[in-house]
Amino acid sequence: MLSPQIRAMVKATAPVLKTHGVALTRHFYTRMFQHNPELKHVFNQGHQAGGEQQQALAGAVAAYAEHIDNPSVLAPVVTRIVHKHVSLGIRPEHYPIVGKHLLASIREVLGEAATDALVDAWAAAYGQLADMLIAEEARLYRDSAAKPGGWTGWRAFRVVGKQPESAEITSFYLAPADGGAVPAYLPGQYVSVRVYVPELGLMQPRQYSLSDAPGQDRLRISVKREAGGAHGPAGRVSNALHERLEEGGVLDVAPPQGDFHLRQDSAAPVVLLSGGVGLTPMVSILNHLVATDDPRQIRFVHGCRSQAVHAMKDHVNAIVASRGNVRKAVFYEEVGGGDRPGRDYDHHGRVDLRAIRDEAIVPDADYYLCGPSGFMRAQRETLLELGVAPDRIHAEAFGSGGAPA
């Protein structure tokens, strides 16, 4: 338990961290990778180059300082971090390394303002946070290992199928190379995969949502190829998977994790809202509901640029045609001359829940959101405006704060 004096000192740094936190975390990562380059294999270097990881950590550190008197407020964030850490293989021995470089960075960035007393206070606060994360991660590791077919760390999976889904997205079907079983997972969760990136000379991990129902003898991930351009560099891992991973190839895979999944304690109607490759966990949830012959009302709302990048269209259409309790609403930003309304797409433009309010707003439903951060912010705001209770909205982000594509 932290003393009132320590909590007060840490909390007093929150405004500074909100203003200068990115400078601190940028310095921290540079310092850590310089002194402990082996950790480059653990951390997503694409997020490092783009600044996403520095911003995410800065926000987390500032939030921890602000809520140091009642860290339970941060429970949802902590849960998400714990799942991601376990998926990446973060272990207790990593925490002293991170703490060492974080405290040194506080001294080096804040200068004279980083008194011995302040650094000692942050050391105690970091120790408390580390203990909490380590305990939760240990529980998840135990759970992963105890499942039939379960494991911890990395396990070799063989590609038993490779299926293009659109101009950008390809599905990879993965079966354990050791011939063993695949563990159960919750529809909506993700796995980490790890490949060697020659340009970096590093093994690099990425998280991809599982895109099919659980309970099968293989896993499926559906990966968007990030070509790069004005919005950012090409995705090294996604391109390596598309270009170099063929049937028969082997891939390192970590156990399924993630706090975004179909609620197991609810029989409420389900509304699935996705943008772009964000449809992958939604298809997992949809397939699970269909496979279990779930009778609840299901709405599948999806937005993408055009038919060329519309993945799994025929699969979803077939489900809608055969299941009276499933309806869809697909939005295309760009409509071509050959696109057929009602089959290829249903609405022209970006996803607009107000325009389909009678279809998408179902009384007492649970709403699941996945896609780019801007898409999810817009849909969440609209849902709240349309009277949906906040606790009915469940969101997964692709990026450093969630399950990156």
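Residues are numbered from 1 along each chain as its sequence is written, and side-chain values use heavy atoms, with hydrogens and water left out. Because the model is predicted, local features need pLDDT of at least 70 and side-chain atom pairs count only at pLDDT 80 or more, while totals for chains, interfaces and linings use all residues.

Let's start with two strands. Helices (H or I, at least four residues) and strands (E, at least two) are DSSP runs, numbered from the N terminus. Strand S3 covers residues 190-197 and pairs with S4 in the antiparallel sense, over eight bridges; two strands count as paired if DSSP finds at least two bridges between them. One of these links joins Val193 to its bridge partner Arg206 in S4. Four residues lie between the strands of this hairpin, and Gly201 there takes a positive phi near 65°.

How much of strand S4 is buried? Seven of the eight residues in S4 (residues 202-209) are buried, so this strand is largely enclosed by the rest of the structure. Here, buried means under 20% relative accessible area, exposed means over 50%, and partly exposed is in between (1.4 Å probe, protein chains only).

**Annotated positions**

An unreviewed UniProt entry lists Tyr190, Arg206, Gln207, Tyr208 and Ser209 for "binding site". They are spread over 20 residues of sequence, yet they cluster in space, with a largest C-alpha distance of 10.2 Å. UniProt positions are given in the numbering used here, feature names are shortened, and annotations may be inferred rather than shown by experiment. Tyr208 has its place in strand S4, and Ser209 is found in strand S4 too.

**Two helix residues**

His35 is found in helix H2 (residues 14-35). His35 and Gly349 are 314 residues apart in sequence and 49 Å apart in space, C-alpha to C-alpha. Gln53 lies in helix H4 (residues 52-66). A polar contact of 3.5 Å joins the side chains of Gln53 and Tyr29; such a contact is a pair of N or O atoms within 3.5 Å, where within protein one must be able to donate a hydrogen and the other to accept it, and residues adjacent in sequence count only if both atoms are side-chain atoms.

Here is how four of these residues sit:

| Residue | Relative accessible area | Class |
|---|---|---|
| Tyr208 | 3% | buried |
| Ser209 | 3% | buried |
| Gln53 | 15% | buried |
| His35 | 48% | partly exposed |
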